[in-house]
Amino acid sequence: MKTSSCDIESNIRYLRLLSQSFPNIADASTEIINLQAILNLPKGTEHFLADLHGEYKSFQHVLKNASGNIKRKVNEIFGNELREAEKKELCTLIYYPEEKLELIKVAEPDLDDWYHVTIHQLVRVCRDVSSKYTRSKVRKSLPEDFSYIIQELLHERTDDADKAAYVNVIIDTIITTGRADDFIIAISHVIQRLAIDLLHILGDVYDRGPGAHIIMDILGGYHNWDIQWGNHDILWMGACAGNEACVCNVIRLSLRYANLVTLEEGYGINLVPLATFAMENYGDDPCTEFLPKVGGATEMDEKTRLLTARMHKAITVIQFKVEADIIAHHPEWDMDDRLLLGKIDYDRGVCSIDGKEYEMKSCHFPTVSPSEPNALTADERALIDRLKHSFTVNEKLHKHIRLMLSHGSLYTIINDNLLFHASVPLCSDGSLKQVELDGHKYGGRELMDRIDRIVRSAFQADTEPQEKRFATDYFLYLWCGRDSVLFDKSKMATFERYFLSDKATYKEEKGNYFKLRDDGHVCDAILDAYGVTGHNRHIINGHVPVHAASGENPIKAGGKLMVIDGGFSEAYHKETGIAGYTLVYHSRGFELVQHEPFTSTENAILRGSDIKSTMQIVEMSAHRMLVADTDIGRELKRQISDLEMLLYAYRHGFIKERR
């Protein structure tokens, strides 16, 4: 668009500010040249993962191998130059350089020769993965110790006869000065970093697996990432904010899956008071329905399993009571049907739901008074106060929740893709459902924006007490409320699964989003409502595991929606038949990667065993996508337009140049 004097006059204050950074024609022109060049680089690779559920070893490996992206690069670069075993060794070295070097130094007869060959190979891989970035961006990703050396090696080629000796001397000197190991470790980490430009986590870092805290530590040091909060993340955020029901649910799920590592070792939550309480009150109860299901339960002796079951039942009963208190304070949530402790006939052992009686599996409730079933005993009150305190003052948990808040939101729109964890509440005709919240009705994007502000207000010091109480309570609704964007089901049948014999009561009817999301018109309407434009726009989410073993396709609505929860968690492997999906969006299009279970880090290092993955091309672009085709590109074009206006202002005397 051509600049005019009117444009300058209406933007003169902004242009004067801009001139502080670019004080003359030369500086402004140089920046325009730089930005125009960046627009023509290939689009950076985006990596999408969902529903990690504490499986930190698989997560670490998928980050290290970039969902097979590094292996693909090695195959493309070396082709038939290297045998398959040699390429596998090189990949393992890139993924686990410290550990692999120790094994190689023991087995390799001519280490200096191996160093020389391997460093040349690593430089070739690094040159390839860095080719789509500016030199400035690559330089910022390099370790300080080797920054200059890596830059020299990346930008000089051995096929140039004049430079071959120069490059070889650099590598020889790295070896003779005893820095070869450090250099290999450094350049391997650079390759890992440059293989992925941006990481998207579509929710549910927490629960089930043993290392959610480790995943959060890894993310805390990762170069570029965002997260769309999942229902399990919100549960932990609620516990951190002091929601007693969330505290109980977090502990209950940890006990259910025999996974106390995150709670006890990760965050130092002391469960001894709960164990003591459970033995005092449930010491003669076999707690059959509460025996842990999977995971760590396989390594437990019978005594520990029984103690875990009794702790599990104790916290579950307290959970139902504190949930009842929160629900009673919020009749607008319409959740009175969840107050089931008050619908039990304790003498007859039946529970009345919707006018029908159901037989109880067990009716042993030593801490429940039939006349006041939702009232906490004095010991229960003291216990929950102590547990809540452990969460609300936990420094490490607060650090991780701050990461969730600073890098996260309920949804993200990026590069014509709408990312969220679970659902957009819909009416049966596919239109946006209007959900009542704080006396107003919201739908779609407005609803998520309002919830986002409520969540954040629970952690802000200047939030009014009444507002903070509502925000803290609302975490429970987000976890299990009928119209929650993170749940969207008729009910959460926790009570029924534990206590009722009739499996028909376990049914949780999914909301309309899950029923209609294979309809392209519905997906288009959602994308329109969120303001997502572009010819190749998509919805990407997780939350509901895709049953690949039963033939379910993660690509829905003719490619407009992608569900990438394939069961990262070990608890889902039998159900889904696989061990998770990851989605890779590079300059040539989308590729969905289907993973088989990760054996172990030890196997990966000793035997070079990678996660077996199947690549499925979802959508390929007719042309190689450039930075110009992305959100960053659109912003750079706006900056170029502003700089061109500044040039006009300099050349026509509206603003004076400075040295």
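Helix axes are taken here as lines fitted to the C-alpha atoms over the stretch in contact, with angles running from 0 to 180 degrees between N-to-C directions. In the predicted model, helix 4 (residues 56–65) packs with helix 13 (residues 212–220) at an angle of about 25°, and their axes lie 9 Å apart. Because angles under 35 degrees count as roughly parallel, helix 4 and helix 13 are roughly parallel to each other. The crossing of helix 4 past helix 13 is right-handed. Helix 4 contributes Tyr-56, Phe-59, Gln-60 and Leu-63 to the contact, while helix 13 contributes Ile-214, Ile-215, Ile-218 and Leu-219. Of the residues in this contact, 7 are nonpolar and 1 is polar, with no charged residue.

Strand 16 (residues 589–595) contains Leu-592. With a relative accessibility of 2%, Leu-592 is buried. A separation of 544 residues in sequence lies between Leu-592 and Phe-48, yet their C-alpha atoms are 9.4 Å apart in space.

Most residues other than glycine have a negative phi. Ala-258, by contrast, is a residue other than glycine with a positive phi, near 50°. Ala-258 is located in the loop that connects helix 15 (244–256) and helix 16 (261–266), and its relative accessible area of 13% makes it buried. A positive phi, near 55°, is likewise found at Asp-488, also a residue other than glycine. Asp-488 belongs to the loop between helix 22 (465–480) and helix 23 (494–499). Its relative accessibility is 5%, and Asp-488 therefore counts as buried.

Key
Residues are numbered from 1 along each chain as its sequence is written. This is a predicted model: local features need pLDDT of at least 70, side-chain atom pairs count only at pLDDT 80 or more; totals for chains, interfaces and linings use all residues. Side-chain values use heavy atoms; hydrogens and water are left out. Helices (H or I, at least four residues) and strands (E, at least two) are DSSP runs, numbered from the N terminus. Angles under 35 degrees count as roughly parallel, over 145 as roughly antiparallel, 65 to 115 as roughly perpendicular and the rest as oblique. A crossing is left-handed if the near helix is turned anticlockwise from the far one by less than a right angle, and right-handed if clockwise. Contact means heavy atoms within 4.5 Å. Ala, Val, Leu, Ile, Met, Phe, Trp, Tyr, Cys and Pro count as nonpolar, Asp, Glu, Lys and Arg as charged, and the others, Gly among them, as polar. Buried means under 20% relative accessible area, exposed over 50%, partly exposed in between (1.4 Å probe, protein chains only).
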